[in-house]
Amino acid sequence: MTAAEKAKAPPIDVPRDGPELTGAELQRRLARTWDSPPGLIGWLSSVDHKDVGRRYIVTALLFLALAGALAIVMRLQLARPGNDMVGAARYNEIFTMHGTTMMFLFAVPVMQGMQIYLTPLMVGTRSTAFPRLNAFSYWTYLAGGCLLWVAFILNIGPDVGWFAYPPLSGPQYGIGKRADIWAQMVTFTEIAALAAAVSLVATILKQRAPGMTLARMPLFVWATLVTSLMVIFSMPSVALASGMLLSDRLVGTQFYNPVERGDALLWQHLFWFFGHPEVYIIFLPATGFISEIVATFARRSVVHYPIVVLSLVATGILAFGLWVHHMFATGLPRVGYSFYTAASIAVSVPTGLQIFCWIATLWEGRPRLEVPLLYVIGFIFTFVIGGLTGVMIAAVPLDLQLHDTYFIVAHFHYVLIGGAVFPLLGAITYWFPKLTGRMMSEGLGKVGFWMIFLGFQLAFFPMHIAGLNGMPRRVYTYPAGMGLELPNMLSSIGSLVVALAVLLFVVNMVKSVLVGKKADPNPWNAPTLEWATACPPPRYNFAHIPMIDSRTPLWDQGKRMPVVHGLRVEDRELLLTSVLAAEPDVREPSAEPSLWPFIATLAVTVMFVCSIFSPWAVLFGAVPVTIALIAWFWPKSPVPDPEPTIS
Amino acid sequence: MTGRPSFVEDVSKLPTHAFSYRSLTWWGIIGFMVIEGSAFVLTIAAYFFLMSHEKQWAPPPWEPPNPVAGTLFTAVMLLSEIPNSMIKKAAEAYDVAAVRRLLPWIVAIGVLLFVLRGFEFNSLNVKWYDNAYGSIIWALLLLHTTHIATDWVDSAVLWRLMRTPHGEEPRRLVDTDENALYWRFVWLSWLPIYFLIYWVPRMFR
């Protein structure tokens, strides 16, 4: 049969889901088709988005613990003036590792982990668009994290701050390999984030359940779409900047060297063109968590859905016009000051609109004050404070006074912990049954919430005062008698309370996994599709692909769930739908498990790590990478199957 | 799944492949084109940022690059769109024989482009370590060369694959179609870079 004849051939007669094949027999067969191979090789070969998402989340939480431990060391050092527990050089390493780990190895990856786990379930499909790319993304992220932390343990960790400004990080001052390790870690994590983002965008646009038009997408999926597009447009900037930094250090290019016609400010532009959107890459998924939690616990859909969606999109666009407010102190043309002040204030408008929509939803609904909703309320309180200090420092005269002081440290911790970590903890509590099959303890959860909420305010509010009193950030100690003793002592006590609260959260997680109450498919009576399948979901997610006609399908469906049928059961197959209207369009195969993404990551790791030491490693290291990628894509059977598969 | 299923629509008759924006492959390719395009745009922004500090560009005493090799490269690149379009059309018409016949041309053109690119690196009249002007010129050229290399490997592997029984699969023709789309991105992105490397340093002397 020619290709043209094959293209028009009717479907072959193989087992497909439908009225004749449903229930336990279908589930048994689908489980066999979508299962990962056993053993270590099988574990390394898994391309299941739930495995990848879970691994991302657990790894990111481990990095949170490591970076949190460093934060405690810093707070113990700063508890008293003139303290000598940690020396200046080690302190530089510690704050660099803390910031770098939190931003690159915890905040972005944990959000992407949640997105990778939840998105296919929320849009009603069986896998992500590019499952092997997804697996590659995780392994690459893990390799980047290991590079950074192994270097730190070997006492060659970076010490140039999480944004690594040249000339401090350049060849003249950044001696040794510390800055190179930082820059190459960036390359790893950016590749990982970009790979995951491409897969998520394609999944959202092409694999939504029939009937899930763009206007019916869950708000978390909207947040994921906007965030992933932001990753795609912003992360090349830091990858380029760190590539230029590496080449300045390794082969003598002059990008950031003002003596040879370069400019250190080029770094700041490229870094913050990524760095400011990154804040929203962390924050927007959190708004997605909040929208889902608010709807479920207010027992009604979010008020003014179009405004929330437009706010997400507007924030995503405005986020690219703000980066220069990180550079006010470098000196700018007056029109630059005015423009970026206006843009920085403007971005608070869509976020404010979202907050009003959530408050209105709670007002109109019948709220249940359970742990996930407590975290939402904690978010609103804390994030509004952080947002307001953000509006304050968007004004140039004030920013010039407060730049590089503890006021800024207070501001961005209010925004990032209040704006992202509180919603994340709420989200973990909310989706814990979907991740593990068990509920978290409500009692321990409430104690933990109040400890972290109050401990956070105690730790970070006094930093505003310390900053206003003139305490610069990134100093390993300070003299007595400047009004800094009390705010620093309070911050240190608060940080210990936060640490205890996080420990309690972990204890709650472990206890709940072991002996927590077993969860029904929809324990919270939530409206979205991920709750239409078991807790935890089977490998194939859904026995039949659901069909929806509202934004809250589980509240509106009645007793029977409308589904489409006819997908192959013995091979991995997905239903693709049209981009806007989500009408059934194509059946496409989905990738089977493969070890090659892991092997490709090993090859990439060897290339990247060796290229810290020699530029030739890029050339020679590319050969095994290319071989691994070809093997990844090359069909494993000599002749094609009757209907397409990805072996 | 909660509740018993109510079977509404049979999707078994849907095709198992589709061209363009109906396929996942297309979205993957577009995603990576946007990423790489963003990297090009940002490198170009860095170029203008560095240029804005100078009174003359190329800064004296460095001479602007010699445009002969680059212009020849550009001409071959533009002409390569002829076989590229033919491959794309053949793929969309399920004409496997034509695809098998034409793909080696693209691979051979890739080899010719590598040779010309070697001459280009030799005609820049500045080294990457001389100053930031040299660094950014080399960066643009190197960044684009990685795209020539990746598409060359991609085309060579595809050529080999299309000669196996898998070449008769409609999905492989979708791959061929998207490979041709990517080549368009590679030559289209070259045009502004060619202008920036060879002509802007002449215009602002």
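The model is predicted: local features need pLDDT of at least 70, side-chain atom pairs count only at pLDDT 80 or more, and totals for chains, interfaces and linings use all residues. Residues are numbered from 1 along each chain as its sequence is written, and chains are lettered from A in the order in which they are written.

**Chain A overall**

- Chain A has 20 helices and four strands (DSSP runs numbered from the N terminus: H or I, at least four residues, for helices; E, at least two, for strands).
- Its radius of gyration is 25 Å, close to the 26 Å from the globule rule for 647 residues, so chain A is as compact as a globular protein of that length.
- That radius is taken over C-alpha atoms, and the rule is 2.2 Å times the number of residues to the power 0.38.
- The C-alpha atoms of chain A fill a box of roughly 80 × 60 × 50 Å along the principal axes.

**Burial in chain A**

- Of the 647 residues, 58% are buried (20 or more other C-beta atoms within 10 Å of the residue's own, with C-beta atoms placed from the backbone).

**Helix pair between chains**

- Helix 7 (residues 178-206) of chain A and helix 1 (residues 24-51) of chain B have axes that come within 9 Å and cross at roughly 140°.
- Axes are lines fitted to C-alpha atoms over the stretch in contact, and angles run from 0 to 180 degrees between N-to-C directions.

Note on methods:
A residue is buried if 20 or more other C-beta atoms lie within 10 Å of its own, exposed if 12 or fewer, and partly exposed in between; C-beta atoms are placed from the backbone.
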